[in-house]
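User: Please take me through this model. I want each label set against its definition.

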4 protein chains.
Amino acid sequence: MTDSFWNAEREARVRDSFARQGMMATLGATLEKVAPGAVEIALRPAPAISQQNGFVHGGAIGAIADSAAGYATLSLLPLDTAVLTTEFKINLIAPAVGERIVARGEVVKAGKTLTIAQSRVIAESGGQEKLIALLVATMMAIRNRDGLAG
Amino acid sequence: MTDSFWNAEREARVRDSFARQGMMATLGATLEKVAPGAVEIALRPAPAISQQNGFVHGGAIGAIADSAAGYATLSLLPLDTAVLTTEFKINLIAPAVGERIVARGEVVKAGKTLTIAQSRVIAESGGQEKLIALLVATMMAIRNRDGLAG
Amino acid sequence: MTDSFWNAEREARVRDSFARQGMMATLGATLEKVAPGAVEIALRPAPAISQQNGFVHGGAIGAIADSAAGYATLSLLPLDTAVLTTEFKINLIAPAVGERIVARGEVVKAGKTLTIAQSRVIAESGGQEKLIALLVATMMAIRNRDGLAG
Amino acid sequence: MTDSFWNAEREARVRDSFARQGMMATLGATLEKVAPGAVEIALRPAPAISQQNGFVHGGAIGAIADSAAGYATLSLLPLDTAVLTTEFKINLIAPAVGERIVARGEVVKAGKTLTIAQSRVIAESGGQEKLIALLVATMMAIRNRDGLAG
């Protein structure tokens, strides 16, 4: 990635799109890092996003992991191109407990139409990190369609 | 399923567990149907659960589809046994738009330790139903563990 | 599907493509049924396709389930369009033992670029059928590309 | 991993189990590396394992990727414990062409009952490596069951 490729406009697009995802605000999720092909999203465990035993709900983990992978993909796409998730699989490896949950999205293989991206989700607790989930997704680039932005 | 198997106590367990999922309340999701091996959960599209283009976020779809599959599984498990999702894959087939989104979870194959369950997610619009997502999950039965209920 | 859509040419394309899959012959797999959006492929358990305990190898199950889903998709595509699997997930539900294994592929949702297809895999034993695996795949239509047929 | 954990007996178990997989011999697959939590399996493209366009069939890629992930898991399990794949998802990223295809399996998270393992599959061509597939699987440890070895 050259400096001329990665610029303020590209980063701004990811941040603008994230700000439009009502779901992220509802989950209390925050955009922590935006770099070419790598995006991090975090949230803090809370009753509002829990499953029945008080762990963070798998759906909330899936949501930030999906968004992190999607924005990692978007960061590499042309500015006239939007991205949609066509499928994701998530392995929930350990209960989502801790002080903070971070989804680290990255592009595995960028393609013209389809991009494969993954997110490793870790839980921070007492200064330690623990892998709690792994998501692999297929992202689809959508060009020139009215009403689809980022 | 005999009447002696399926009873008020089993249905109540699913309803109680659903009520403890803070995530479902946060999404505005409602438990629509509870039957042996089949559970429906619905939500209404709203800005609070949207992605960047105003569709319902794939993570919200994943959350209700995961819960519907999980509760379909729980409905068949012994009363001293809890359930955890170990993995799910979701294919997002069409944009989640419409008046109401319904995840219909059902058990594909019940097992002693692992159960395979799926959810078909449909969008209702103008009296029509459209398939928008398909989830297949592996659910794990957890016996006799403190702190895990339903 | 009208008769004018489904004709001998479409069925022949699927049969010709199957005949070109060296992998199917190597597994001893046979094309049992070709209908619009629904294709069945069978194989017989044998040491040549076993895993370490004598069950049919999950990779062989995956191969016929993938091909059945792919050909179900191809049966609905224009004659100038080929199909490639972009991803599949398979849940291996029960050991693959019995007299015959049959993968029943069907289209879940046909799309212009991406089609979602699934295969239910059953084992026949003593006149009984048992579900042993469930595959869900994303198939991609490829138009007008040299060297890609069916 | 200490030397006292990883020893000739453990490596021999993986090699013996691989030798019992008739499917691997049928595909022409070879066991290239066995280390604690990491196993490599290779095959050479050939008409006998092709799909309709002459690429290696996705099912063959899935088979070696599944076995590599399974043996990476088995390498860490107690000697009285066998392993079965409960599910895998594979993203087929690029056509499987080249001189040699290698599946590199590794354990993502080892657990008492379930282990998450992945395989990255690369194609070698003209001294270059290209990522062509990514598999993530759930492996189940089976203890003390007659008839199941390795």
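**Helices on the sheets**

User: How do you know at what angle helix H1 (residues 8–20) of chain C runs to E1(C)?

Analyst: Helix H1 of chain C lies across E1 and strand E2 (38–43) of chain C, at about 160° to E1(C). Angles run from 0 to 180 degrees between N-to-C directions, with axes fitted to C-alpha atoms (for helices, over the stretch in contact). Contact means C-beta atoms, placed from the backbone, within 7 Å. This is a predicted model: local features need pLDDT of at least 70, side-chain atom pairs count only at pLDDT 80 or more, and totals for chains, interfaces and linings use all residues. Residues are numbered from 1 along each chain as its sequence is written, while chains are lettered from A and ligands numbered from 1 in the order in which they are written.

User: What does H1(A) lie across? And H3(A)?

Analyst: H1(A) lies across E1 and strand E2 (38–43) of chain A, at about 160° to E1(A). H3(A) lies across E2, E3, E4, strand E5 (114–125) and E6 of chain A, together with E3 of chain B. H3(A) runs at about 40° to E4(A). Helices (H or I, at least four residues) and strands (E, at least two) are DSSP runs, numbered from the N terminus.

**Sheets**

User: Why are E3(A) and strand E3 of chain B called paired?

Analyst: Two strands pair if DSSP finds at least two bridges between them. Five bridges join E3(A) to strand E3 (residues 81–92) of chain B. That meets the cut-off, so the two count as paired. They run antiparallel. One bridge partner is B:Asn91, for A:Glu87.

User: What makes E1(A) and E1(B) edge strands?

Analyst: The open sheet has twelve strands, in the order E1(A)-E2(A)-E4(A)-E5(A)-E6(A)-E3(A)-E3(B)-E6(B)-E5(B)-E4(B)-E2(B)-E1(B). Strand E1 (30–35) of chain A and strand E1 (30–35) of chain B each have a single partner strand, so one side of each lacks a neighbour in the sheet. Direction ignored, neighbouring strands of this sheet are turned by 25° against each other on average. For E1(B), the pairing with strand E2 (residues 38–43) of chain B is antiparallel, over five bridges. There, B:Thr30 has B:Ala42 as its bridge partner.

User: How many bridges does E3 of chain D make with E6 of chain D?

Analyst: Strand E3 (residues 81–92) and strand E6 (residues 128–143) of chain D pair antiparallel over eleven bridges. In E6(D), D:Leu135 is the bridge partner of D:Ile90.

**Chain to chain**

User: How do you know how chains A and B are related?

Analyst: A rotation of 180° with 0.0 Å of shift along its axis superposes chain A on chain B, RMSD 0.0 Å. That is the relation of a two-fold axis. A:Lys89 has the C-alpha of chain A nearest the axis, 2.0 Å from it. The superposition is by least squares on C-alpha atoms of residues with pLDDT of at least 70 in both copies.

User: What makes up the side of chain A that touches chain B?

Analyst: 33 residues of chain A are in contact with 33 residues of chain B. E3(A) gives the largest share, eight residues. The side divides into eleven nonpolar, 18 polar and four charged residues. Nonpolar means Ala, Val, Leu, Ile, Met, Phe, Trp, Tyr, Cys and Pro; charged means Asp, Glu, Lys and Arg; the others, Gly among them, are polar.

User: Which element gives the most to the side of chain A that touches chain D?

Analyst: Ten residues of chain A are in contact with ten of chain D. E6(A) gives the most, four residues. By class, this side has six nonpolar, two polar and two charged residues.

**Confidence**

User: What pLDDT does chain A average?

Analyst: Chain A averages 93, and 93% of the residues score at least 70. pLDDT is the predictor's confidence in each residue, from 0 to 100. For the complex, the predictor gives an ipTM of 0.93 and a pTM of 0.94.

Conventions: Contact = placed C-beta atoms within 7 Å.
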